Amino acid sequence: MITEEKIRKIQGYKTWSVQRKVDELLMEDSYMYADLGIDSTPAEKKYVKNMSRKIYKAIAAISPLDGYILEAHMNEKDLTKNNS
């Protein structure tokens, strides 16, 4: 799984383009969600969601528009879940 250190490392790459950094962070995010299954514990699911938020914040620091869209989508999903 991705760590906060790896997120910071990807953010700090000087030779990578903004698009490459965003793509790499989104790929790491997708790997985390792909590893979840029906046997995943609530703690594992919470960890993945928290790390996903950190990834989205890192993306927002790199590419504000992409980050804004991703965070808005995640917040929309949270609102939908709470209202059901």
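These questions and answers concern a predicted model.

Residues are numbered from 1 along each chain as its sequence is written. Local features need pLDDT of at least 70, side-chain atom pairs count only at pLDDT 80 or more, totals for chains, interfaces and linings use all residues, and side-chain values use heavy atoms, with hydrogens and water left out.

Colleague: Are the rings of Tyr-13 and Trp-16 stacked, edge-to-face or tilted?

Modeller: Rings of Phe, Tyr and Trp (its six-membered ring) pair if their centres lie within 6.5 Å; planes under 30 degrees apart count as stacked, over 60 as edge-to-face and the rest as tilted. The centres of the Tyr-13 and Trp-16 rings are 4.4 Å apart. Their planes are at 50°, so the pair is tilted.

Colleague: Is Glu-28 buried or exposed?

Modeller: Buried means under 20% relative accessible area, exposed over 50%, and partly exposed in between (1.4 Å probe, protein chains only). Glu-28 has a relative accessible area of 10%, so this residue is buried.

Colleague: Which residues does Glu-28 touch, not counting residues up to four places away in sequence?

Modeller: Contact means heavy atoms within 4.5 Å. With that exclusion, the residues Glu-28 touches are Ile-2 and Lys-6.

Colleague: Why do the buried residues of helix 2 line one face?

Modeller: Helices (H or I, at least four residues) and strands (E, at least two) are DSSP runs, numbered from the N terminus. In helix 2 the buried residues are Lys-21, Val-22, Leu-25, Glu-28, Asp-29 and Met-32. The arc is that of the directions from the helix axis to the C-beta atoms. Seen down the axis of helix 2, its buried residues line one face because they fall within an arc of 125°.
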